[in-house]
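Thanks for letting me look through this one with you. Here are my notes, in numbered points.

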Amino acid sequence: MQARVGIATGLVVVGDLIGEGSAQEQSVVGETPNLAASTRRLVGDLFEYRDLGTVEVKGIDVPVSAWQALHPSVVEGRFEALRGSVLTPLVGRDEEIDLLLRRWARAKAGDGQVVLVSGEPGIGKSRITAALAERLQGEPHIRLRYFCSPYRQDSALFPFIDQLGRAAGFARDDMASAKLEKLESLLARAAPPDEDVALIADL
């Protein structure tokens, strides 16, 4: 048994219901329902892809570009995956940036600080934190980033496991022995007891 799924984005018009009972359906007008190609631009680098070139698609007059999503990418976060490394200028957020920098100055002076940036999706929370990271590039600091996902609900420690894997430089095709070697190399910098390496490796 095989299944094929196409994902596309575009304008459609959904009309009134047609037919009755089990045969009842809505009329849909537009290219998108017939377009079996991934919306590559919108999903950015969230996945690694194989370029399929242009393909002939039923219901579309001209060949369309298509990509096959292979697996999730190793990009550190959704913000970078969707927007890349080139960021647009930050406008109208001077007050927020100044607040974060003041908190940073107090933290450097030994007065521990916690700042919660919250709000509706799309208002620029990630962009503000990226701007702060840009401002701190010339200062000594350690940046730790943890991301949760609804797809990892069965692994309560996944954000920490993922962060350790990134810090150790795990590659997607690494064997268990290679991962252990990289993990030992990472933890050796802090000279941990041997049992700590074994405990973390078991995660």
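**Notes on the helices and core**

1. Let me start with helix α5, residues 158-168, whose buried residues are F158, P159, Q163, G165 and A168. Buried here means under 20% relative accessible area, exposed over 50% and partly exposed in between (1.4 Å probe, protein chains only). Helices are DSSP runs (H or I, at least four residues), numbered from the N terminus.

2. A word on the basis: this is a predicted model, where local features need pLDDT of at least 70, side-chain atom pairs count only at pLDDT 80 or more, and totals for chains, interfaces and linings use all residues. Residues are numbered from 1 along each chain as its sequence is written, and side-chain values use heavy atoms, with hydrogens and water left out.

3. What do the buried residues of α5 pack against? Their partner is α6 (176-188), with contact meaning heavy atoms within 4.5 Å. After α5 comes G169, which has a positive phi near 80°.

4. You will find one aromatic pair in the structure. Y146 and F160 form this tilted pair, at 5.0 Å centre to centre and 50° between the planes. (Rings of Phe, Tyr and Trp, the last by its six-membered ring, pair if their centres lie within 6.5 Å; planes under 30 degrees apart are stacked, over 60 edge-to-face, the rest tilted.) Because Y146 sits in the loop between α4 and α5 and F160 in helix α5, the pair ties together parts 14 residues apart in sequence.

5. Y146 counts as partly exposed, at 38% relative accessibility. F160 also counts as partly exposed, at 45%.

Key
Helix = DSSP H or I, 4+ residues; strand = E, 2+ residues; numbered from the N terminus.
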